[in-house]
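Here is a short tour of some helix packing and strand pairing, written for someone who likes to check geometry against coordinates. Have the structure open and follow along.

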Amino acid sequence: MKFLARPDEWEPSHTILSKYLVTRLYQLVDIYEVISYRYPITNGIILLEELYDTATACLKRPKTKDRLKSLLKESLDDNIQTSIINDPVVEKYFKNIKNELRPLSNKDLDENDIKKLQLTSLTYIATLNKKYAEFIFFELKAINLSSNHFDIESKRIDRLLKTLVAFALHSDHSIIQLKISFKGLIKDSPDRLVEQLSKIFSFDQNRDYQFSISNNNLGSDLKKQLGVQDDQASETYNFSASGKDAYSAFRNKVTTALRKLGVKNSSININNDEIWENVSFLNESTRQQTSLSFRNDSDPIIPLARINTLEQSLEKNKKKLQDFDYKTLEKIEESLYLYNLALSVPTIENSYILLWTSLESLMGLRTNEPDIVTIKKNVSSTLALGAIGRRVNATIQRMRSTSKANGWKKIYSPSDDHSANEFDAIGLCHWSSWITDQNIKNSPDDPYHDMESEPLLCKQYLDINQNWKKLQDLHSFITLSQKNLEYQLDRLYQTRNRIVHSGRFGRSGNYLWIHLEWYVAKLLAVSILILDNLYFDLDLDANPRDIVFGCLRGQYQSSIDYLERHKDKIINFDHLLSSGITRFPVLCF
């Protein structure tokens, strides 16, 4: 995560709630944030669109019915924060949706049911579409940012912001521009926040931009496709484009031009990194040229900017991929090759397919079940095992950054190990025990008084400290995470199928890529670490992948069983260690 602002950088009239609103917005689009807190993918209207698309496809291809049933189940799940029935706009203004969808959830879905689902979802999409963002801003404006009821109002803010950001990303706003715009809100007064926020987004129409590129290697064909005009005086190439923001407009114009050239000419270089550098646009607010930086913000469309979560994960373990013996790496050679290839291919669609193929080739414990069933069993249980650790780790990282930026006098750490490392299994148990300790309240070790001036950090800490008291709470959180991951894997698989069968990526494809890359990288990292630490000979008939996922799924079942058997026990170091939920710390950040 990146720290947003020190106390003296905020406009003086900001309140605790207005600071929370701004910092939470920034967290939702921060590429450096732990994945548990960033990039919401769905909300009510997005799920309605998915229901319509999937129902339409199901009428043509009945094989997609399982996906439709899973999607309907997700949409009506009370425990999923981003489900249709938990959407704050739907809940308040269109509550009758659930009454129309609920009767279908327990059916096997014949053709008439599917047609009804198709028409129902289309009806509400048409009804919501033009009003959805308006309702979100209306609800945000109704929140009293000077209120003393932080817990209640912060939950309302959180639900609305996740809904808003998911809709913005789905509507082709770029992560980079949102980060820049959200950071600017620290200088606005609280009473103007929602007004300024509504200006950031352009849901109803695209905006026009004039771009300049200082690049001599564009090539005549590409310049023609972009509609470039040479400016001899400034030695730049200029062209216009429209989009939700400058980054989105430029990215879409260039990728569309490269695709069209690729259709006509197989030898065209569509992996031209230089086109993403030395770019500027005319900023209408300042009437000056503003530079665009794609590389620094890890835009997945651009190969040179794609994040490498595998390398980052291994480095936290004090190793690089090159440090491992080839005898270890060759056991998952195909998966590693495909992952690395996915980071370098020019088009995001090809990259996505390669990532999914890497995931499939990594799978062990295969049966006669469909591949997606095996993937869901292996991946959801493995990644859910790290769910507790990711929440704890995100809070510890934010606390460290905040302490350093604000110059806290006290350095907080677990009393039984002041040098505990949150990136190893034992250290993470110490930190998890500390952050859930109910006995430090109002003691010299209570971090609340330092945290209260940083509302996002304070809320993350209190959400854990006040809600995780017994092992049953951890059990519930992990099993819910596992269910969420299954829903997300269905979505990722459907996107893969859409690309393969129709060439379409979907409106949220770029951000689904980010989630898929993270899943694959984490599974590769934990596989390498398991294989590197095996103490018996694999020259037997054992498939290395079966051993890896036997180890991972076995630990998940053991952890769930332990938490269930000891559900009434207070969370402490010994129980955390015995449960095994931190056994694979590479999954916990």
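Helix H18 (residues 387-406) packs against H22 at an angle of about 105°, and their axes lie 9 Å apart. That angle falls in the 65 to 115 degree range, so H18 is roughly perpendicular to H22. On the H18 side the contact uses Ala 387, Ile 388, Arg 390 and Arg 391, and these meet Leu 474, Phe 477, Ile 478 and Ser 481 of H22. By class, the residues of this contact are five nonpolar, one polar and two charged. Do keep in mind that this is a predicted model.

From H23 come Leu 523, Val 526, Ser 527, Ile 530 and Leu 531, while H24 supplies Pro 544, Val 548, Phe 549, Cys 551 and Leu 552. This contact holds nine nonpolar residues, one polar residue and no charged ones.

Here are the two pairs side by side:

| Helix pair | Angle | Axis distance |
|---|---|---|
| H18 and H22 | about 105° | 9 Å |

Helix H16 itself spans residues 348-362, 15 residues in total, and reaches 21 Å from its first C-alpha to its last, close to the 21 Å expected at 1.5 Å a residue. How much of H16 is buried? Eleven of its 15 residues are, so H16 is largely enclosed by the rest of the structure. The buried set consists of Ile 348, Glu 349, Ser 351, Tyr 352, Leu 354, Leu 355, Trp 356, Ser 358, Leu 359, Glu 360 and Leu 362.

Now for the strands. Strand E1 (residues 207-213) runs antiparallel to strand E3 (residues 236-243), and seven bridges join them. E1 also pairs with strand E4 (residues 279-283), again in the antiparallel sense, over three bridges.

Conventions:
Residues are numbered from 1 along each chain as its sequence is written. This is a predicted model: local features need pLDDT of at least 70, side-chain atom pairs count only at pLDDT 80 or more; totals for chains, interfaces and linings use all residues. Side-chain values use heavy atoms; hydrogens and water are left out. Helices (H or I, at least four residues) and strands (E, at least two) are DSSP runs, numbered from the N terminus. The expected span of a helix is 1.5 Å times one less than its number of residues. Buried means under 20% relative accessible area, exposed over 50%, partly exposed in between (1.4 Å probe, protein chains only). Two strands pair if DSSP finds at least two bridges between them. Contact means heavy atoms within 4.5 Å. Ala, Val, Leu, Ile, Met, Phe, Trp, Tyr, Cys and Pro count as nonpolar, Asp, Glu, Lys and Arg as charged, and the others, Gly among them, as polar. Axes are lines fitted to C-alpha atoms, for helices over the stretch in contact, and angles run from 0 to 180 degrees between N-to-C directions. Angles under 35 degrees count as roughly parallel, over 145 as roughly antiparallel, 65 to 115 as roughly perpendicular and the rest as oblique.
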